[in-house]
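Please work through the following exercises with the sequence and the model at hand. Each task is followed by a solution in steps.

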Amino acid sequence: MLIVKISGGLGNQMFQYACGYALALSKNKILKLDLNLFQQNLSESERFTPRNYGLNAFSNIINSKANKQDLACFIGQSNGIFQRLKNFLYRKYYRPLTLKSSQEYIKDCNKSNFIYLDGYWQSENYFIKYRKEILAQFSFPKPTKQLELLVEEIRSNTSVSIHIRRGDYASKSAINKKYGVLELGYYIKAINYLKSIVPSFKLFVFSDDHQWVREHFNIADRFKLIDINNTLGYEDMFLMSQCNHNIIANSSYSWWSAWLNTSPSKIVIAPLKWFAIEEKNKQTEDLIPHTWIRL
């Protein structure tokens with residue numbers, strides 16, 4: 001059995017699931033999800049933004065929840081020497097120490113009856129071998145009529161999505177110190193880079209701060225602010241994945257919108273500065289796929 005701890009927003013949940021799914025597939029393990037964090041009554045704070053479980057939006061997901069008995073098989077304590085030795089030999093707990101991808105978590109997996117993954121696993125290196133299968137796992141539900149109309153408009157243009165992430169990045173000081181908010185200059189630079197390659201395109205702007213976009217984002221002739229409720233959490237990601245090209249924020253949510261984009265000629269632009277903390281920023285070489293452009 002392989003249990004993966006699910007936490008964070010939708011983008012991080014997808015990283016965790018993709019890593020666990022790929023490892024379970026490669027090692028012929030039963031995959032289960034530890035969703036206990038979403039059942040706790042966690043209050044919002046300067047350092048923490050409560051999130052809802054979002055993977056159930058994808059109909060193909062293995063939505064098998066680890067129960068108390070499953071978790072006890074891994075974390076249960078025993079006073080017996082033989083049982084403790086057996087736990088040590090056949091139960092493995094993995095947590096990445098840095099953002100750089102590591103293959104350490106797959107060592108001795110065949111000898112481990114129970115594997116528990118705890119972390120964000122933010123690199124396609126953990127699951128790129130199974131890209132086709134991961135794409136199938138993250139199949140979006142049938143779009144609503146509103147989304148269908150937007151998809152038609154996106155596909156009728158040479159389309160570029162821009163994701164502007166603000167929200168808790170801007171409103172909470174502790175989170176802002178870690179991630180920071182991307183400056184407008186990044187988006188200007190990204191748009192100009194695309195103009196040097198793609199002669200004509202229409203920008204579709206996605207953001208959790210529409211007022212800020214309306215006040216500041218007047219840097220392009222042809223752009224449309226996508227103003228939908230996004231109540232289910234995945235609608236913006238779905239629409240961004242339908243665009244020809246993507247300009248993403250320092251956000252796992254828009255990372256996945258670009259990764260799920262199956263256009264063979266796509267250009268993806270990602271920020272060079274993913275974190276405000278420079279030491280963490282130095283660890284992002286495996287976070288961004290090598291075919292993407294960093295500015």
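The model is predicted, so local features need pLDDT of at least 70 and side-chain atom pairs count only at pLDDT 80 or more, while totals for chains, interfaces and linings use all residues. Residues are numbered from 1 along each chain as its sequence is written, and side-chain values use heavy atoms, with hydrogens and water left out.

**Exercise 1.** Determine the strand order of the open sheet that has 6 strands, and identify its edge strands.

Solution. Step one: helices (H or I, at least four residues) and strands (E, at least two) are DSSP runs, numbered from the N terminus. Two strands pair if DSSP finds at least two bridges between them. Step two: the order is S7-S6-S5-S8-S9-S10, with parallel pairing. Step three: S7 (223-225) and S10 (293-294) each pair on one side only, which makes them the edge strands. Helix H6 (residues 145-155) packs on this sheet and touches S5, S6 and S7; here contact means heavy atoms within 4.5 Å. The direction of H6 makes about 140° with that of S6, where axes are lines fitted to C-alpha atoms, for helices over the stretch in contact, and angles run from 0 to 180 degrees between N-to-C directions.

**Exercise 2.** Describe how the chain passes from S1 to S2.

Solution. Step one: S1 (residues 2-5) and S2 run parallel and are joined by 4 bridges; isoleucine 3 has lysine 32 of S2 as its bridge partner. Step two: the chain crosses through helix H1 (residues 10-27), and this β-α-β crossover is right-handed, that is, clockwise from the first strand over the helix to the second with the strands pointing away from the viewer.

**Exercise 3.** Is arginine 165 buried or exposed, and which residues does arginine 165 contact beyond its neighbours within four places in sequence?

Solution. Step one: arginine 165 lies in the loop between S5 and helix H7 (167-171). Step two: its relative accessible area is 15%, so arginine 165 is buried (under 20%; exposed is over 50%, partly exposed in between, with a 1.4 Å probe and protein chains only). Step three: beyond those neighbours, the contacts of arginine 165 are Arg51, Val181, Tyr187, Asp208, Ala249 and Ser251.

**Exercise 4.** With which side chain does the side chain of histidine 210 make a polar contact?

Solution. Step one: histidine 210 belongs to helix H10 (residues 210-216). Step two: the partner is the side chain of aspartate 227, at 3.0 Å. A polar contact is a pair of N or O atoms within 3.5 Å; within protein, one must be able to donate a hydrogen and the other to accept it, and residues adjacent in sequence count only if both atoms are side-chain atoms.
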